[in-house]
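Open the model in your viewer and keep the selection tool at hand.

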Amino acid sequence: MNAASAHPPLDRLDGPDWWRGAVGYEIYVRSFLDSNGDGMGDLPGIASKLDNLADLGVDVVWITPFYPSPGKDHGYDVADYTDIDPQFGTLADLDALVTTAHEHGLRVFADIVPNHSSDQHPWFQAAIADVDSPYRDYYLFRPAAADGGPPNNWVSHFGGPAWTLDPAGTGEYYCHLFLPEQPDLNWANPAVMDEFLAILRFWVDRGIDGFRIDVAHGLTKDPEFRDNPQIREITPGMHPTEIFESFDHVHDLHRLGTTLIYQRWHEEVAPFGTILLGEMDSSNIDRFREYVGRGAGLDGGFVLTVSSMIWHPESIISDLLTFDHAANGGAAWALSNHDQPRVVSRFGGGEVGVHRALAVMTIMVALDGITFLYQAEELGLPNAVIVGANEDPITTRNDGAAGRDVARGPVPWTNGPNNGFTTAGRAWLQIEPLPADMTVDAQVADPHSNRHRYQQLIGLRKRSPQLWQTPMELSRRTEAELIIRRGDLTVVANLGTEPYDYVADARFVIEFESRAGGATVDVNRLRVHPESTVVIRHDDHLEPEAQA
Ligand code: NOJ
């Protein structure tokens, strides 16, 4: 493609940094909306609701993998990187979705999965059919250890060793940091880079505006395949995630060469204005910082620490400030995603979880970078209650271990059967019906709904560039309180349990409060009630009456 072809630029957010200050929305394709009655969400379903998302005020939709896949990890096992899985639609459906999105002023991000393919991908099939095939070196085949076991101590995120015996019977093992059906690609082979540059261009050509890069920190591995240092004992019954975290992943994740890969990607796609956002392990802040920002390859990185936070006001505030500082404008914020329990449940559930989530979201709109909502987060949706079989391989392959299905329930659209998600008898993941006031229809109709509050907050971020552009002045009286002043706007967050009195040095009006009655005003004193965040606008010209 050349820069002049295909899709004209959108005029709503322009310039290379258009995505900073934007609000994104993650769509888990299987669970958004089923348009053809097979129980599975699909691309036409998404396209039919883009008006709803534009109305909410989002700028970007990130759609989880829609490529042909055996579905062992629900699309993160890709069998063909340049086509659409028939259960989600066709390339023509994707084109139509992109066109409609652009008409609504929305940009579309695809989810690219470069760390591993499916074992059904023709590359892997060729690699195991013929050891002399050039595709053998697309993957990480290694000789067995002296005892015939796996080559080293690396473990899979999803349980068991990160090595499986070559089905071709060579006695070698291949590496997979996830399921055995997700063999890791060999990024030391330049042919893999060439393949992916062509894949990126294929989607850019179809109008895709950016990529969320799956496991962005995992692509390069130690050339000597040394053991990872073990940092704690592994005991029987441990969850696979705990086992994974019992090692220091110096040899299989976060290796320095990984950033060079993204510098090459950036050269390839930046001329088209395409944005690269990595899914980054953020447990090590120095490593996180290496990937993002000017010259680092990635425009931004998801701060996964934030997507798994539990309700602990002091650490929530300190994590937000630490990563905002470290990312230097390159943070992609999300309180929830498809891999973690929903934020409302992590923050205590029920009404309490709902208002706490919005109190934190209100702080996040005053941070630099892009802020994502995970589908139905704006409704205040808690974890789904699964009534049928679990589907997540973490659960199904580890004796019922806690998995990710709770975050993956269908979006509740209406109060009808299956909450309007599908006309099939059953959804692909069957959950307990949600109450009528939790549906999109009900919340669109109710001016006091949670969705309306999110809509107001998003609107405030978008009409107030000072919220992410003007330098921050920070103050804190206690660890559970945070004042962020940016230009004429001040965000006063009180995540503590006592009311907090903020005395303003100028007259002000309340622009937003995270919950009704979350604040009271007495001349220039703002009382912020517990677990609330309030945004005020200072204005010396206001008459005192205007503050009531
Ligand atoms: C991260 C994705 O978000 C998750 O859903 C997936 O299982 C792994 N990467 C492996 O691709």
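How far apart do the C-alpha centres of domain 1 and domain 2 lie? They lie 32 Å apart. This is a predicted model, in which local features need pLDDT of at least 70 and side-chain atom pairs count only at pLDDT 80 or more, while totals for chains, interfaces and linings use all residues. Residues are numbered from 1 along each chain as its sequence is written, and side-chain values use heavy atoms, with hydrogens and water left out.

**Domains.** Select 3-118 + 188-462 for domain 1, 122-152 + 164-175 for domain 2 and 470-547 for domain 3. The bounds come from an automatic or database domain assignment. Next, look between domain 1 and domain 2: 14 residues of domain 1 are in contact (heavy atoms within 4.5 Å) with 10 residues of domain 2.

**Side chains.** Show Asp339: an N or O atom of its side chain is 2.5 Å from an oxygen atom of the ligand. For Asp214, the value is 2.6 Å, again from a side-chain N or O atom to a ligand oxygen. At Arg404, a polar side-chain atom lies 2.9 Å from an oxygen atom of the ligand.

How values were computed. A polar contact is a pair of N or O atoms within 3.5 Å; within protein, one must be able to donate a hydrogen and the other to accept it, and residues adjacent in sequence count only if both atoms are side-chain atoms.
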